[in-house]
Amino acid sequence: MCGLVGYRLAARSEKAFDLENAVRAIRHRGPDGAGEYRSNDGRFGLGHTRLSIVDLSPLGAQPMRSASGRHVIAFNGEIYNHREIRRELESLGVRFRSHCDTEVLLEGYERWGEAVLPRLRGMFAFAIVCEADGSLFLARDRLGVKPLYFSETRDGLFFASEVRALTALGVIPARISRDGLHSFLATGNLEEPHTLLDGVQVLPAASFARIDEQGQRREGVYWTLPLDERNANEEELSHELFEAVRLRLEADVPVGVFLSSGIDSTAVAKVASLVSKEKVHTFTVTFRH
């Protein structure tokens, strides 16, 4: 789990926003490192806190700039098929400096733009600033595992992995959203894009947003859940489960499994023990009565 925060200021904004304070507010998400980026014209800011999983070296630090210098990324999550995408990009002439999935995502975006999204297998939320055309690109994974909150005010667009980073920037009042509260009380859940704070929304799962130099926002959905009525057989389900677990074991640090005493976590632990080359550690959390 990493954390990101950032902004794209409107041309008329004259306020200064404390990016360092916002990064500090989400430092618990990434104790292994922190970094900040500000564009030369002051319109863009990105902050990041890092939990190192793939490529533990300083080459994986964020915010990260592309080899061309055109793009800067802040990324939370993991791209499970980054090795496959790396090989494809290398065949197209891309040369990498690190072994991390962040750089693969960044160079993939530089090569394919928003068309990189359907290629990704993983959980992610990220922001990419393009200094060449003054645009900002935001995206979130297919099932919305990784959060990305945003708030749009007269001063610009602000976004973060947690709402507390937005409050640390001082861009939103701590006021309950009537729509969000109604959604929660009616269904026991928050229907996207609502949140419980007024003026804050969440980028929906499997969605992206691109804000151009003029501040115009274009949103889109890059994936929808397939409604296939065909029943998968046992062999197909087994294959998909083994493949999903194998991909999620990709890490440069020890990997563990949380056990809830349910069938799902037990199955994951069993498959992990079969496909992992290392001993798989499991954890169960209990509470004293």
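1. In what follows, Ala, Val, Leu, Ile, Met, Phe, Trp, Tyr, Cys and Pro count as nonpolar, Asp, Glu, Lys and Arg as charged, and the others, Gly among them, as polar. The model is a predicted one, in which local features need pLDDT of at least 70 and side-chain atom pairs count only at pLDDT 80 or more, while totals for chains, interfaces and linings use all residues. Residues are numbered from 1 along each chain as its sequence is written, and side-chain values use heavy atoms, with hydrogens and water left out.

2. The largest pocket holds about 1000 Å³ of space; here a pocket is an open set of points on a 1 Å grid over the protein atoms alone, where a 1.4 Å probe fits and protein lies on both sides within 12 Å along at least five of seven lines, and lining residues have an atom within 4 Å of a point. A volume is the space filled by probe spheres set on the points, which are joined across faces, edges and corners.

3. Lining the largest pocket are 38 residues, of which E78, Y80, G122, M123 and R248 are the closest to its centre. By class, this lining divides into 21 nonpolar, seven polar and 10 charged residues.

4. The second largest pocket has about 450 Å³ of space. Its lining comprises 14 residues, and those closest to its centre are V255, G256, V257, F258 and V268. This lining has 11 nonpolar, two polar and one charged residues.
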